[in-house]
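Morning, everyone. Please take a look at the chain on the screen, and I will walk you through it.

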Amino acid sequence: MEFFLQPWPWYVAGPLITLVMFLLFYFGKTFGVSSNLETICAIGGAGKFNSYFKLDWRKNTWNLIFVFGAIIGGFISYQWLTPNEVIALNPQTIQDLSEIGIKNAGQSYLPAEIFSLDALFSLKGILVLLLGGFLVGFGTRYAGGCTSGHAIVGLSNLEIPSLIAVIGFFVGGLIMTWVFIPIIF
C-alpha cells in the first residue's frame, strides 16, 4: 500500500503514459479532455441551435467514460489514498504565498483563502470563476485543444502546432503566477 501512497517515479509513470498512448494510437483514438465539452453539448441538443454541435456524440462516449473515471479516481485518491493534507512546499513558496494572503500554504491541498465557500461566493470569487472559465474555454478552442491533448498527444505525434501551444501554456502559466495572481489576491 505504501507504493500507492507515494508519488510515482518518472520511470513508472512515464512508461504507463507511453502504454496508454500506444493503445490510443492502436485503436485510432486521440486523447484530450476539452473535446468532451463538444460531446456534452451535442448530448444536450446544442446541435439544434448551432451546426458546430451536430456530431455523432456516441463515437466519443469512451472519452466521457475517461473523464468520469478521472473524477471518480480523484475522489477515491483524495478520500482514501492521501496519507495527510500537508504538502511539502518550498519555504520560499510558502513565504511568497503568505505575502499575497494565503496564510496556511502547504497545510492543505485547497487553501481556504481560495477554495472555501466564502471565497467562492464573494464578488472576487465569482468574477475569477467567470473570467477564468471564459478564458480557459476560449483559449482551448483557439489553440485547437487543451493542455493534455497538446502536451501528451500532440507532442508524441511531433506536431509543431502542439509544441507552440505547449510553449504558450507555459508562458501563460508563468505570467499568471508572477503577474496576475499577486494582483488578484
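Start with residues 62-81. Here the chain is 95% helix and 0% strand. The end C-alpha atoms of this stretch are 26 Å apart. Keep in mind that this is a predicted model.

Why pick that stretch? The unreviewed UniProt entry annotates residues 62-81 as "transmembrane region". The same annotation covers residues 12-28, 119-139 and 160-184. Take residues 12-28. That stretch is 88% helix and 0% strand. Its end C-alpha atoms lie 25 Å apart.

Now zoom out. How many helices and strands does the chain have? The count is 10 helices and zero strands. So read the pattern along the sequence as α-α-α-α-α-α-α-α-α-α. The C-alpha atoms fill a box of roughly 50 × 45 × 35 Å, along the principal axes. The chain has 185 residues, and 18% of them count as buried. Next, contacts between residues at least 6 apart in sequence. Of these, 47% join residues at least 24 apart.

On to helix α8. It runs over residues 123-142, which makes 20 residues. From first C-alpha to last, α8 reaches 28 Å. That is close to the 28 Å expected at 1.5 Å a residue. After α8 comes G144, and its phi is positive, near 80 degrees.

G144 brings us to H150, because G144 is among the residues that H150 touches within 4.5 Å. H150 sits in helix α9, residues 147-156. Is H150 buried or exposed? Its relative accessible area is 8%, and the cut-off for buried is under 20%, so H150 is buried. What surrounds it? Leaving out residues up to four places away in sequence, H150 touches A143, G144, G145, L155, S162, A165, V166 and F169. One of these, S162, also makes a polar contact with H150, side chain to side chain, at 2.9 Å.

Last topic: the largest pocket. It holds about 770 Å³ of space. Which elements give two or more residues to its lining? They are α8 and α10, the latter being residues 160-184. The lining has 23 residues in total. The largest share, 12 residues, comes from α8. Nearest the centre of the pocket are L131, G132, L135, V136 and M176.

An α-helix has 3.6 residues a turn, so residues three or four places apart point the same way. Keep that in mind as you look at the pocket lining.

How values were computed: Residues numbered from 1 in each chain as written. Predicted model: local features only at pLDDT ≥ 70, side-chain atom pairs only at ≥ 80, totals over all residues. Heavy atoms only, no water. UniProt positions renumbered as here; feature names shortened; annotations may be inferred. Helix = DSSP H or I, 4+ residues; strand = E, 2+ residues; numbered from the N terminus. Expected span 1.5 Å × (residues − 1). Buried < 20%, exposed > 50% of the residue type's maximum accessible area, 1.4 Å probe, protein only. Polar contact = N/O pair within 3.5 Å; in protein donor to acceptor, adjacent residues only side chain to side chain. 1 Å grid on protein atoms, 1.4 Å probe; cavity = no way out; pocket = protein on both sides within 12 Å on 5 of 7 lines; lining within 4 Å. Points joined across faces, edges and corners; volume = space filled by probe spheres on them.
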